[in-house]
Amino acid sequence: MRILNGENVMETIIRENDNVLLYLTKKRTYLVTVKPDKTLHTHRGYIKLDELIGKKYGETIKSHLNTDFIILKPTIRDYILKFTRKTQIIYPKDIALMIFYSGIGPGSRVVEAGTGTGALTSALAHYIRPTGKVYSYEIREDFLLNAKKNLEKAGLINYVELKLKDITEGIDEENVDAVFLDLATPWLVVPHARKALAEWGTFVSFSPTIEQIVKTVKALRENDFIAIECMECLMRRIMVSPSGTRPESRMIGHTGYIIFARKTLREKA
Ligand SMILES: C[S@@+](CC[C@H](N)C(=O)[O-])C[C@H]1O[C@@H](n2cnc3c(N)ncnc32)[C@H](O)[C@@H]1O
């Protein structure tokens, strides 16, 4: 058995209620749930979604204007980039680094704030499943409801506990493997993170400005965290073409800075 996105990929036949990604070009893809009575309308024609039932991933389906769409299985990145956004999200390049450095994996228990759109929440849930849990704190109920819908769509809601709570007032969980932050005042959460983390726990924080990371690192030092590292991840896309291979002219100039730190059992200074 092979598992991709928590599902058995040997099960290649598409069935009612499956999510599929219809690929037209790199920039035009459509994430749809296969419902018999639904139709996808695109500028290259429409597709009745019940025609997907019984097809295999990798196969092609034609729109009524005879345009080919390739049927792909959505990855966690596809889901996140298609989420309904109520806040800025953390982008895949930063999420990847944050999760890898944190050391979490299947079975980990992770605290996160704020939930926002649920992009990082979904990625965390994807990596800690099937036996782990993400405890995600958010102060805005409307954001929490939107994130819940996004998590349901991605099939990840069962691995997440959404909490309508200000994390600067404290963390309910103990012995967690990691604390992930993406909110305006991460330094206020550092003492709570120290209490909530297991001895081996890791702290990860994402902030768009330098002022925020300076305050957060100061708080980490005051709370006896060690191995504090700050970094920025710049990603440059490369165009590979028969006429010449070179970096794309445009790139995303700035997303944010990431801080990693490890807990110690030393007494607070
Ligand atoms: C930039 S968004 C997070 C986006 C999220 N990381 C994602 O990838 O979708 C920041 C969120 O933190 C929430 N927030 C701000 N202060 C908070 C606090 N003290 N406790 C919990 N959530 C908070 C905000 O309401 C907002 O939804």
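The largest pocket here holds about 940 Å³ of space. It is lined by 23 residues, and those closest to its centre are K26, K27, R77, L81 and R237. As for the elements, β3 (19-23), α1 (76-82), α2 (92-102) and β15 (238-239) each give two or more residues to that lining. Keep in mind throughout that this is a predicted model.

Which element gives the largest share of the lining of the largest pocket? That is α1, with four residues. By class, the lining of this pocket has 11 nonpolar residues and 11 charged ones, with one polar residue besides.

Next, the second largest pocket. Its volume is about 480 Å³. The lining here has 29 residues, and G114, E138, D182, L183 and A184 are the closest to the centre. Elements giving two or more residues to this lining are β9 (109-113), α3 (119-128) and β10 (133-138). In the second largest pocket the lining divides into 13 nonpolar, 10 polar and six charged residues.

Now the ligand. How many residues surround it? There are 22, and the closest are E138, F143, D166, I167 and D182. Two of these names have come up already: E138 and D182 are also among the residues closest to the centre of the second largest pocket.

Start with E138, which has a polar side-chain atom 2.6 Å from an oxygen atom of the ligand. Then D166: a polar side-chain atom of this residue lies 2.7 Å from a ligand nitrogen atom. How much of the ligand does the protein bury? On its own the ligand exposes 610 Å², and the protein buries 87% of that.

G114, one of the residues closest to the centre of the second largest pocket, is joined to A113 by a cis peptide bond, with omega about -15°. G114 sits in the loop between β9 and α3.

Another cis peptide bond runs from R129 to P130, and there omega is near 15°. For P130, the place is the loop between α3 and β10.

Which residue has a positive phi although it is not a glycine? Look at N17, where phi is about 80°. N17 belongs to the loop between β2 (7-8) and β3.

Terms used:
Residues numbered from 1 in each chain as written. Predicted model: local features only at pLDDT ≥ 70, side-chain atom pairs only at ≥ 80, totals over all residues. Heavy atoms only, no water. 1 Å grid on protein atoms, 1.4 Å probe; cavity = no way out; pocket = protein on both sides within 12 Å on 5 of 7 lines; lining within 4 Å. Points joined across faces, edges and corners; volume = space filled by probe spheres on them. Nonpolar A, V, L, I, M, F, W, Y, C, P; charged D, E, K, R; others polar. Near = heavy atom within 4 Å. Polar contact = N/O pair within 3.5 Å; in protein donor to acceptor, adjacent residues only side chain to side chain. Areas by Shrake-Rupley, 256 points an atom, 1.4 Å probe, with all protein chains shown as cover.
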